[in-house]
Amino acid sequence: MQIAVLGAGSMGHGIAQVSAMGGHDVVLRDIEDNLVAEGIEGIQQNLTAGVERDKVTESEMEATLNRLSGTTNLADAVSDADLVVEAVPEDMDIKQDVFQDVEASAPKDAIIASNTSSLSVTEMASVLERPGRTIGLHFFNPPHIMDLVEVIIAEQTTGETEARAIEYVESIEKEDVVVRDTAGFATSRLGLALGLEAIRMVEQGVAKPSDIDAAMRKGYGYPMGPIELGDHVGLDVRLHIAEYLREELGERFKPPQALRRKVRAGKLGKKTGEGYYVWEDGEKVGMSGEWGEGNE
């Protein structure tokens, strides 16, 4: 398949990487040359790390990079695409604008997919003349490591689109779960419920963040605790999704005040160097605030 990935951030370049590793030709597009370059550099770094850990061979790395190209021109990126995956910011207006731009330039049978983690794919598709080719492909961060892709079936999605999307997911050696288009889907809805309750527990003094995270890792086999995961995702992103799900599903998704305070303070997690934990060079080095930096 010829694949276009729109957005070269951590999710976008990760999706581009796994697509190229799966044997597909991939164009990575963003709005500025430096963003495209940073995305491709991120892929190179991931592959180099994979070679160093004997997860990727030198020849696999070279072949993957040879299947990748970058551009800032959306029409060029999607003109020959069989599948377009948008990984732009979680804003309905932005996503609908992108969908319309893609429809104007992509082949009529190209699938148009969204990597949204919570927004309605049905609403995104509503602005298209051919909405049946729309679907959600919700990858997990980081895409080159996480095995799951949530396949979101919009009200307009055709059976052919669903089948082709699942075929793509299988081709990149990921596992699909198919869900209907409802607020938060399956994973964001359940994951956020756990994450918000963990923050409430910290707020109420039940336990410190590292102990709550350790309990879920060691007691339930989670690869990462819910509070650390929030720092990875971005506490602003968590707050935005919580507010959306509260509007759609009710007060059980009301964001804790502690989460609002973190976001207002600009302590958004890993990307700002501090959230519930303190981060340096992408590594967790301690806990924030009253728990004390370096005190784990």
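Trainee: What share of the 296 residues of the protein count as buried?

Mentor: 48% of them, where buried means under 20% relative accessible area with a 1.4 Å probe and protein chains only. Bear in mind that this is a predicted model, where local features need pLDDT of at least 70, side-chain atom pairs count only at pLDDT 80 or more, and totals for chains, interfaces and linings use all residues. Residues are numbered from 1 along each chain as its sequence is written, and side-chain values use heavy atoms, leaving out hydrogens and water.

Trainee: Why does D97 count as partly exposed?

Mentor: Its relative accessibility is 44%. Partly exposed is the band between buried, under 20%, and exposed, over 50%, so D97 gets that label.

Trainee: And where does D97 lie?

Mentor: In helix 5, residues 92–105; helices are DSSP runs of H or I with at least four residues, strands are E runs of at least two, and both are numbered from the N terminus.

Trainee: How many helices and strands does the protein have?

Mentor: Twelve helices and ten strands.

Trainee: What percentage of contacts between residues at least 6 apart in sequence join residues at least 24 apart?

Mentor: 63%, with contact meaning heavy atoms within 4.5 Å.
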